[in-house]
Structure formats: structure tokens, C-alpha cells
There are 2 protein chains.
Amino acid sequence: MSQAHERPTLEAVARLAGVSRATVSRVVNGSPKVAEPIRSAVRRAVEELGYIPNAAARSLVTQRTDSIALVLPESASRVFSDDPFFPSIIHGVSQELDAADKQLVLMMTNTVGGYERVERYTTARHVDGVLFASTHGVDPLPGQLHRLGMPVVVSGRPLGRSAVPYVDVDHIGGVRAAVRHLLDSGRSRIATIAGPQDMVAGIDRLAGYRAELRGSDRRSIVAVGDFTRESGATAMRQLLEDDPQLDAVFVASDLMAHGAITTLRELGRRIPEDVAVVGFDDFDISRYTDPPLTTVRQPILELGRELARQLLRVIAGEEVPPAVVLPTELVVRASA
Amino acid sequence: MSQAHERPTLEAVARLAGVSRATVSRVVNGSPKVAEPIRSAVRRAVEELGYIPNAAARSLVTQRTDSIALVLPESASRVFSDDPFFPSIIHGVSQELDAADKQLVLMMTNTVGGYERVERYTTARHVDGVLFASTHGVDPLPGQLHRLGMPVVVSGRPLGRSAVPYVDVDHIGGVRAAVRHLLDSGRSRIATIAGPQDMVAGIDRLAGYRAELRGSDRRSIVAVGDFTRESGATAMRQLLEDDPQLDAVFVASDLMAHGAITTLRELGRRIPEDVAVVGFDDFDISRYTDPPLTTVRQPILELGRELARQLLRVIAGEEVPPAVVLPTELVVRASA
DNA sequence: CTGAAAGCGCTTACAG
DNA sequence: CTGAAAGCGCTTACAG
């Protein structure tokens, strides 16, 4: 039985094949300038010994690790709650990384200690680049890493000044289309349940609502949630207290919209007859709510893929645009 | 602006502090045998230069990477579908790894090429150990890595002979309790929707059903699904064709149970009056189905945590039991 | 096309 | 307690 620490090295392969370590290295790395007979002798020796290059040794000289970190500044519970947002991001990133033969290191944390670990890990050059999803507030870490020369791309337009390239979706355009749809269908008291106001997604969606309402004579009616189902249910209750006559609500996430629907139903309002509801996300399940949810579709999987693609370009030394904004789209179903 | 490749090395710190590299290394790694004045001089230099040890260089000599791989032999789409199984495993693993200050490398793949990458990556010693979740059929990779001396722990009792330590739940005990519950409540024609028969979870749950029925005079009525909602709906339809009089069904996963409920409702059967339904998993959503689902609870988060704990023990050179089996428990709600 | 040699940035016996 | 030196396992100019 072979031991853990007796794995064959380049040296062993070179000896068996009767060539130098340099030559073995060239063959293993597919350099074209090795003569055919030597090449196959080396291949045989590699095969026979089951040689696999040591990653650390290779990284030390090439300065590459072929892996990248995806940082989710959230607790793992949040990341893997029933909200499919993060899973979709991970899924999209993973697709592109697979295609590029890079590995994915997943870092989830919402603690200060965890964040420090992220910093140490990434600046120790364990990874070739770092992706941030869904940062809260003004997050200094992406900028810091970027200044250290580390390839970084973030998801969502950063709050505050930042030179870090980002990928985002057109929150405002999507929300305006949603609110316009409510206006066009004759709704007069249009409320909103906004997302957390320390995140761009929360801020921009509220801004979109306000912007579209501004053109009409309707006043705004606002409650704020945190993107969870429960917060949507609670916020809906508040809105109905604020304005029992409201006849429409734009909700800044599908999950909150589900919560809002539960509340409306409990209070005996018909959807959409009494109150029209529009969500934001277009999660799969929103097709199956009762009634099916009218919502703004944002391409989350594609967002993940684009993040990864941009980062791979930065790593390859290519120029990337400072921002990529993916389109959103109103999907009309039965709830509004 | 500092450049990517100009990060300070041990050498630089040593020069600034006026000591040898060995001493800096000792201070950085917290060795106790460095005199206090020197220690603080080194600390200052580290601070001033923003020194972070290079991970590859360190790994090369220590043979440790402080990261471990979690291999999910499934497509990313499957892992991040609406099935919360994998997310919970990841969550549990991540919790324990965080506590141990190790990083998580996530590898998802159901392609041959992908599997080869997993093999190369892990045997290249990119990670200190490997966790496998939910293998299909007789999977040779865990055993191979184990024989190479790589720390490995798998989730689910391996099919075929294997010396690799595993963590599993008590499928059979849980299923027997479920079927017994159906028998005790006077059900006479008890069908089952089994899981995939190339996975231990599928095989054992069917075995538990058969074992418990054997003690009674009931015959078995079996359909097979693949743990998805859709397959549950289809299988339920088949079962009702096979035996229109059936009055109970044990379904080997909650998601399939949800599918079965949809079918039963479409065909006008009342639950539990006409047909009692029991699931397996106890996902959160199963509390909210109509009616709330009676099901066998398996501790998935804990399974993930235990996997990580066992692996960390193996890595630390401790002895671990060849198998850890976590208990399952029948949770009676309204559906049966 | 091939090899000898330097070097990537650390850790760790070994001496003193 | 501290340092000089060897060595971890590779890659890559540089010569030839």
C-alpha cells in the first residue's frame, strides 16, 4: 500500500524515463518542443508511476493557483435558506469556472472574524481572483484587494466610490416597467415593500418605484423588508394599516411578495381584484403561487456567469468594462 | 500604487526587523521560543509591510493546505434545484470547517471529464482531504484516494466493499417506523414510491418498507422515482393504476411526496381520508403543504457537520470509526 | 531539442 | 533563544 507522502515527484519520473526534470516538466505541460520518442517515454513513465504534479510547488513558481474565491458576505444559513438567489449565483459562477477548468472556493461569512479570514486567505494568494456577491453597505474589502493588484469583480453596483468592476442588473428599468403596468391598469394607490436599504438592490428598486410614481399624481406608500418571506408578510400588514384602501403593491423580491400574498389572503383581500401584486426576481416557484405572480425577471444565473467571465478576463490581463448591466423584464401573470 | 507581484516576502520583513528569516517565520507561526523584544520588532515589521505569508510556499514545506474539497457527484443544476438536501449538506460542512479555520472547495460534477478533474485536483494535494456526498452506484474514486493515503470521508454507506469511513442516517429504522405507523392506523394497501436504486438512500428506504411489510400480511406495491417532485407525481399515477384501492403510500423523499400529493388531489383523493401519505426528509416546506406532511426526519445539517468533523479527525491523524449512523425519527402531522 | 542551474517563498532540524 | 543552511517540488530563462 502506498503511503501519503511517497507520491512520485518529477524527479522520479525523470529518472525512470532517463531524461532531465526540465524535459518531464515540458511534456507534462504540453510544450510542443519535445521530440516525439522522448515525449512518449516520459508519458509512459508518468503513467506507470501515476505521477500528478504537486500543486503548491507549481503555484510557487507560476504564481497561479487556478482557483478563485466566491465571497458571500452572509451567514451560511442565509445563503442556503429557501431563497434561491445565492444558489443561482453559485450555479452560474460554477458553470463558467468549470468551462475554464478553474476551481471554486466558497467563502460565506457575516462575522468580522470571518471577513478577516477572507482577507488573509485571498491576499495569501491562495486564489487567482475574488468574486463578491451581495455586499452590504460600503464594503472596503473589494477595493482593498483591488488596490493590492488582486483581480476582483463584484456583483451589484458598489455603494460609495469604487474602481472595482461590477456586474449588476437593471433594477430601476425593471421596477419602472412594473409600476407603469400598475398605473396603466388603472391602479390608484400603489404601495411598495422595499428591500434592505443598505444594499444596492434594495435602494435601486425603491428609487425605481419613486421615479415612476413621480410622473403620476400618486403618492408613495412605503414599507421596508429584508427580502425574506416573513418580512414581506409583516410589511404588507403595515401597509394596509397605513392605507387600507391601497389597490396595488410592488414588492422588491418574490419571496417578500409571497409573504405579502399570505397576509392579503388572511385579511380577505382578493388578488388581483382588490389588490394587485407585482414581485421582483421571477423565481421558479412564482409560477406556482396562487395566483401566479406577475414579477420582474432578473437573470440571476446569467449574473453569476457574467461575474465569472469578467473575472477570468481580468485574470487573463484583458481589459474589462467598469460595469456590465444585464436587462430585466416584466413578466405578466395573474397577480397584477 | 503597489503592484500585484511586489508583495513583501519573509525576506523583506527579516531585513526590516534586523533578524533572520527563521525568526520571522517563528514569530508569524506563533512559536513560543522567541524573546519578547525581538518578537515585537518582528510584529511591527510585519504590520508595517502588510506581510501575509505566501500560501503556496508554506504548503510546499508543510504539506498542508488548510482547505478541503466537498465533491457532489451531481450537476450544479441538480445541486441547486429546489431540493434543499445539498444546500443543507454544504451548510453543515461549512459550519464545521469555519470553526476549524479551513476553507471549502466545492466540486460539483456529473460528467466523466469532471470526475477526472476531481481526481487530478485532489491527488495534486490541493486540499488536505476530500468529502463525498451522495455517490451513485459503486463509485471507485473515494476508495482510490483513500488508498493513496488521502483523508476521505463519504456520505452514505458505500455500495460494494469499501474501507472508506462514512456517515449515514438510519434509513431503515425511520422507514420501518413510518410503515408501522400506517399499519397501526389500519391502512391495508400500503404502496411506496422508492428513490433511485443506484443510491443507498434509495435502496435502503425501499428495503425498510419491504422489511416492515414482511411482518404483516400486506403485499408490496412499488413505483420508483428519482427524488424529484415530478417523478413523485408520475409514480403516484402509476401506483393508482396498479392498485386503485390503495389507501396509503410511503414516499422516499419529501419532494416526491409533494408531487404525489399533487397527483392525488388532481384525481380527487382526499388526504389522509382516502390515502395517507408519509414522506422522508422533513424539509421545512413540508410543514406548509396542504395537509402538513407526516414524514421521517433525517438530520441533514448534522450529517454535513459530522462529515466534516470526521474528516478533520482523519486529517489530524486520529482514529475514526468506520461508520457513524445518525438517528431518524417519524414526525406525525396531518397527512397520515 | 535538451539539460544544468537558479529560484519561487517558505519551514525546520541542526548547531551554537 | 537565534541563525545558516538545506530542502519542499516544481518551472524557466539560458546555453549549447
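Glu96(A), Glu302(A), Arg305(A), Glu306(A), Arg309(A) and Arg313(A) are linked in a network of salt bridges, a salt bridge being a side-chain nitrogen of Lys or Arg within 4 Å of a carboxyl oxygen of Asp or Glu. A search of the whole structure finds 45 salt bridges over all chains. This is a predicted model, in which local features need pLDDT of at least 70, side-chain atom pairs count only at pLDDT 80 or more, and totals for chains, interfaces and linings use all residues; side-chain values use heavy atoms, with hydrogens and water left out. Residues are numbered from 1 along each chain as its sequence is written, while chains are lettered from A and ligands numbered from 1 in the order in which they are written.

**Individual salt bridges**

- The side chains of Asp204(A) and Arg157(A) meet in a salt bridge at 2.5 Å, N to O. This pair links distant parts of the chain, 47 residues apart, with Asp204(A) in helix H10 (residues 200-214) of chain A and Arg157(A) in the loop between strand E4 (152-155) and strand E5 (166-169) of chain A; helices (H or I, at least four residues) and strands (E, at least two) are DSSP runs, numbered from the N terminus.
- Asp204(A) is buried at a relative accessible area of 10%, whereas Arg157(A) is partly exposed at 31%; buried means under 20% relative accessible area, exposed over 50%, and partly exposed in between (1.4 Å probe, protein chains only).
- In chain B, Arg78(B) forms a salt bridge with Glu74(B), the closest N and O atoms being 3.6 Å apart; Arg78(B) is partly exposed, with a relative accessible area of 23%, and Glu74(B) is buried at 7%.

**Helix H10 of chain B**

- Helix H10 (residues 200-214) of chain B has 15 residues and reaches 20 Å from its first C-alpha to its last, close to the 21 Å expected at 1.5 Å a residue, where the expected span is 1.5 Å times one less than the number of residues.
- Because eleven of the 15 residues of H10(B) are buried, this helix is largely enclosed by the rest of the structure; the buried residues include Asp204(B), Arg205(B), Tyr209(B) and Glu212(B).

**Relation of the two chains**

- A rotation of 180° with 0.1 Å of shift along its axis superposes chain A on chain B with an RMSD of 0.1 Å, the copies being superposed by least squares on the C-alpha atoms of residues with pLDDT of at least 70 in both. That is the relation of a two-fold axis.
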